[in-house]
Amino acid sequence: MTVVALEALSFGLARTAAAAASAGHRLCLLTGDRSVYRHELDTLPPGTALDVVDVDTFDVDATRRAFAAVPGVAGIINTTDTWSVPAALLAAEYRLPGPDPESVRLLRDKARVRDLLHGKGLGKSPALRVAPDPASAAEVLGTVGLPVVLKDASGTSSRDVWVVRDEEALRAALGEAGQRALTGGLFAEPFLSGPLYSAETISWDGESRLLGVLSRQTSREPAVREEAAAFPVVFPHGGLGEIEEWVGRVLHTAGHHSGFAHVEFVLTSEGPQLVEINRRIGGALVGEALCLSLGTNVYEAVIEVALGVRPALMDARLGHTGPASGFVLVYADRPGVLTGWRGLDGLGDYPGSVRWFPTRAPGDTVRYVHDQRGCTGIVLAEGATAELALHRALSAAGGVRAVVAADDGL
């Protein structure tokens, strides 16, 4: 039998294929762009039970035909935000295990989620949907005030997010938003003061379990992009229990009852406040960090959920006996054509079993550098604690630089 993946995150494909093989299945990836998985495909162990089918995954009919041509489908998985609704619809159409498509649609709309949680007492304020036009500034100022965050309700990878602290910047951001191809419409919400984290969870039949908390370092304003992360964060006694109780209520209220979730929150002086819910395993190297710390292939839970089986991870002892991880994203300094990197040959000199995970290849054009699309690779280091691992990753990544040649066409 076969488990189908309708696209996937950039990393984790090999572990997912291994998990499918452990369950007695092959993994079949439907993708519109193999280059996204270049590093994974280039480093697959020999004999990996993985088939790759090229199809325009933005074309619903073409994707349905490709899916129907896969023999013996036992389940379908999707670990991305963009294809979460199409995957849920395919699962429902073919009577495979999967989430309610309507619950997936809800979680793809950050404004709807904020309204729902606010109505249930789990959020400070509802979302304010606004037209992406400077003329909306008065409404934002009168309803939300400053500082304020503007964002695309269905955006991903930190795209189309503006943190605004004064009226002039607000009008400029609204005008800029009007030039963007927003996928879910623009909304405004209050800025949350405090450090950003994400709760990594697994759920089954309405029960949720906190696997750990990832720290997240973002860039200095006005750029809005993720720079580094570390897992698992150590909290004072009782801190994790409070977060687990809170995130369990948030997920249950939002209708997420099975599978992984990556719940971003700010730990304010009043406790955790939701930023957004992603109904999948965390992106970048979050899955790798989970595997290292927990000492197991957590992608087995992805396969189990796809097959309609309670994940063993729900009941396993979470000792976090493996190494903690820290990772740093390496961005291009400016748009252009990537020609390579400086400093990679020295990574082996640093402590922490440092590894390099490229997300781009020489010859790729880097058009945007103010969000995650400008990331060219990730440096990961291990340590006894998340803090020590992050220190090692920052130290190692400090010597790595993406080399970009000018492109007059950009």
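Both Glu270 and Lys124 are exposed, where exposed means over 50% relative accessible area, buried means under 20%, and partly exposed is in between (1.4 Å probe, protein chains only). The two residues form a salt bridge, with their closest N and O atoms 3.8 Å apart. This pair ties together distant parts of the chain: Glu270 sits in the loop between S12 and S13, Lys124 in the loop between helix H6 (110–119) and strand S5 (128–130), and 146 residues separate them. A salt bridge here is a side-chain nitrogen of Lys or Arg within 4 Å of a carboxyl oxygen of Asp or Glu. The helices (H or I, at least four residues) and strands (E, at least two) are DSSP runs, numbered from the N terminus.

Some background on the model comes next. It is a predicted one, where local features need pLDDT of at least 70, side-chain atom pairs count only at pLDDT 80 or more, and totals for chains, interfaces and linings use all residues. Residues are numbered from 1 along each chain as its sequence is written, and side-chain values use heavy atoms, with hydrogens and water left out.

## Other salt bridges

How many salt bridges does the count come to? The count is 28. Here are three of them.

| Pair | Closest N and O atoms |
|---|---|
| Asp54 and Arg34 | 2.8 Å |
| Glu270 and Lys124 | 3.8 Å |
| Arg310 and Asp315 | 2.8 Å |

Arg34 is partly exposed, at a relative accessible area of 39%.

Elsewhere, salt bridges with shared partners join Arg15, Glu288, Arg355 and Glu382 into one network.

## Cavities

On a 1 Å grid over the protein atoms alone, a cavity is a set of points where a 1.4 Å probe fits but cannot get out; a pocket is an open set with protein on both sides within 12 Å along at least five of seven lines; and lining residues have an atom within 4 Å of a point. Grid points are joined across faces, edges and corners, and a volume is the space filled by probe spheres set on the points.

Searching the whole structure turns up four cavities of 30 Å³ or more. The largest cavity holds about 80 Å³ of space, and its lining includes Ala5, Phe11, Leu27, Ile77 and Tyr299. Sorted by class, this lining has nine nonpolar, three polar and no charged residues. For these classes, Ala, Val, Leu, Ile, Met, Phe, Trp, Tyr, Cys and Pro count as nonpolar, Asp, Glu, Lys and Arg as charged, and the others, Gly among them, as polar.

The second largest cavity has about 70 Å³ of space. Among the residues that line it are Asp81, Arg108, Lys110, Glu276 and Arg279. By class, its lining has two nonpolar, four polar and five charged residues. Strand S13 (residues 271–278) gives the largest share of that lining, three residues.

## The second largest pocket

About 370 Å³ is the volume of the second largest pocket. It is lined by 24 residues, and the closest to its centre are Ile76, Asn78, Pro99, Arg279 and Val305. Strand S4 (73–77), helix H4 (84–93), strand S12 (259–268) and helix H11 (299–306) are the elements that give two or more residues to this lining. By class, the pocket lining divides into 14 nonpolar, eight polar and two charged residues.

## Backbone details

Pro147 lies in the loop between helix H7 (137–143) and strand S6 (148–152). The bond from Phe231 to Pro232 is cis too, with omega near -5°, and Pro232 is in the loop between strand S11 (226–231) and helix H9 (239–254).

Asp160 has a positive phi, near 55°, in a residue other than glycine. Asp160 is in the loop between S6 and strand S7 (161–164), and is buried, with a relative accessible area of 13%. Ala284 has a positive phi of about 55° although it is not a glycine. Ala284 lies in the loop between S13 and helix H10 (286–294) and counts as partly exposed, at 33% relative accessibility.
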